[in-house]
There are 2 protein chains.
Amino acid sequence: MGMTAMSYELDRDTHATRVASEGDRITLDAEISSGWSIGSAPNGGYLATLLARAIGDALDMPDPFTTTAHFLRVASPGPGRIEIEIVRKGRGHGTAVARLIQESKEVIRAISTFGDLSSLSGPDAVTLVPPSIPPPEACESGRAGPTEELSIADRVDMRMSPGSVTWKDGDKSNVAELSGWARLRDGRPTDALSLLFFADAFPPPVLNLAVASARWVPTLELTVHVRRRPAPGWVRAVFRTRALIGGYLEEDGEVYDETGALVAMSRQLARLHR
Amino acid sequence: MGMTAMSYELDRDTHATRVASEGDRITLDAEISSGWSIGSAPNGGYLATLLARAIGDALDMPDPFTTTAHFLRVASPGPGRIEIEIVRKGRGHGTAVARLIQESKEVIRAISTFGDLSSLSGPDAVTLVPPSIPPPEACESGRAGPTEELSIADRVDMRMSPGSVTWKDGDKSNVAELSGWARLRDGRPTDALSLLFFADAFPPPVLNLAVASARWVPTLELTVHVRRRPAPGWVRAVFRTRALIGGYLEEDGEVYDETGALVAMSRQLARLHR
């Protein structure tokens, strides 16, 4: 990685150093930043980006086609060890597993299949369309989350569509959907890898529901499909929860780039935590 | 497992025998049936059910909350070895990994988080509704798939909503959506585990698109969230593909039970194969 890329916060904070390598196994040391947190917990999308980057480096393939992360324990800012296992490396796709270990305990297990999005040659047919929202300068800037402690808000410039976030006023819309724009404040261009971050960076739309009071909405499992390499600017995204059952919920995201092209789809299983 | 359950085909064909156990690792022998195939390839939902069952047994937990399977190679009917690793067993959730090995090669890597759906106590809010389709007896019975060789069709009774499957007549609707009913022909009651099978048993809706000629639509990755234990009868399901990009596609499923309750959501990343 050149000096230019390392000058951006997301690249610096997802950098990991290889300390051992044997056959299909690679061990890396990482430092989990406190700069991407909600409350005291590092954001799941940030952690997924950290692990996917280590997987892509191990596979020497550029684009995370599909990444699933199971969040086993709450991560903490500070040192962490990443253990990579290359599961299969074929011509078109490579698959590898990453484990994040902190204090001898496994915190996240992730699996990802990488490939090269620039090499696809099959047909296109897309019926999804980007959310119809005002331009970023007409959207609502500022923090929005289940807690006011959001170090992540210092790193990502997020503009919520008017009326998207209704729980802040105590006047819930009962529509578990929100949309908006996002980009990194330091000017880092949006790329395929950073879509894993954006897919979990927005506040949880479930909090708009009157039944869903929660201090925190921890993710059990997050899966992100990166479908195209994005243009470098703003992402435009919409997130919806359509089934809250027994306090568990799915959250589905569609992420578009600045040109309106669909670039990623995400789904997570999460639960309300009081 | 009692004799009653073993008398059903899906239970017999997902049975695996423990041959070794050491710490968090369990090895089982399985026999992949040729009775759940599309062409010569065993169906991905059948294989996911096989692995999730082994994971649930290892964790001693009843319900597969979220299961992701990466299909690395084409499986074959015949012997297979299942290697389980228990990743974490907590109070409410347990997570484990399963690897399916055939002829010394890893064919599938799956990860699943289990729990107990009967113990949930949080709030409900569901806006998804079942597809509005005629009753099973008014739907179209019979085989429908990219190939005529469908041993799976002898095991599952599938009734497609009229107009759902348009590629059979060479008169494509260009709507990548299909819906219908399904149940197992031998009367096996639908349960939480079998929802993994139903989530990948329907034909691929992408084949309705004129641009999408394919003999086969292999799955790279399948994730299924089981959200409620289903009533024992028919499942009613709808599957949609909204983004075919460069020959890769997502397929999203909503599965409801006979009472109309949402019981599972699925998403897979697949690609067209000529």
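Strands here, like helices, are DSSP runs (E, at least two residues, for strands; H or I, at least four, for helices), numbered from the N terminus.

Before going on, a word about what you're looking at: this is a predicted model, where local features need pLDDT of at least 70, side-chain atom pairs count only at pLDDT 80 or more, and totals for chains, interfaces and linings use all residues. Residues are numbered from 1 along each chain as its sequence is written, while chains are lettered from A and ligands numbered from 1 in the order in which they are written.

**Stop 1: strand β5 of chain A**

Now select residues 63–71 of chain A, which is strand β5. β5(A) pairs antiparallel with β12(A), residues 219–226, over five bridges; for two strands to pair, DSSP must find at least two bridges between them. β5(A) also pairs with β8(A), residues 105–115, again antiparallel, over eight bridges. Look for A:A110 in β8(A), opposite A:A69.

Is β5(A) buried or exposed? Nine of its nine residues are buried, so the rest of the structure largely encloses this strand. (Buried means 20 or more other C-beta atoms within 10 Å of a residue's own, exposed means 12 or fewer, and partly exposed is in between; C-beta atoms are placed from the backbone.)

**Stop 2**

Chain A has four helices and 16 strands. Its radius of gyration is 18 Å, close to the 19 Å that the globule rule gives for 274 residues, so chain A is as compact as a globular protein of that length. (That radius is taken over C-alpha atoms, and the rule is 2.2 Å times the number of residues to the power 0.38.) Along its principal axes, the C-alpha trace spans about 55 × 45 × 35 Å. Buried residues make up 53% of the chain.

How confident is the predictor? Chain A averages a pLDDT of 94, and 95% of the residues score at least 70; pLDDT is the confidence in each residue, from 0 to 100. The complex gets an ipTM of 0.96 and a pTM of 0.96.

**Stop 3: where the chains meet**

Show both chains. A rotation of 180° with 0.0 Å of shift along its axis superposes chain B on chain A, with an RMSD of 0.0 Å. The two copies are thus related as by a two-fold rotation axis.

Next, select the contact: 45 residues from chain B and 44 from chain A. Two residues are in contact if their C-beta atoms, placed from the backbone, lie within 7 Å. On chain B's side, β16(B) gives the most, with five residues. Of the interface residues of chain B, 98% are also interface residues in chain A, so the copies meet through the same surface.

Strands pair across the two chains too: β14 of chain A (residues 243–245) and β9(B) run antiparallel, joined by two bridges. Pick A:A243 and you'll find B:V126 opposite, in β9(B).

**Stop 4: a loop in chain B**

Finish at B:D60, in the loop between α3 (44–59) and β5 of chain B. What is its phi near? The value is near 55°, positive in a residue other than glycine. B:D60 is exposed, with 9 other C-beta atoms within 10 Å.

Notes. Least-squares fit on C-alpha atoms with pLDDT ≥ 70 in both. pLDDT = per-residue confidence, 0-100.
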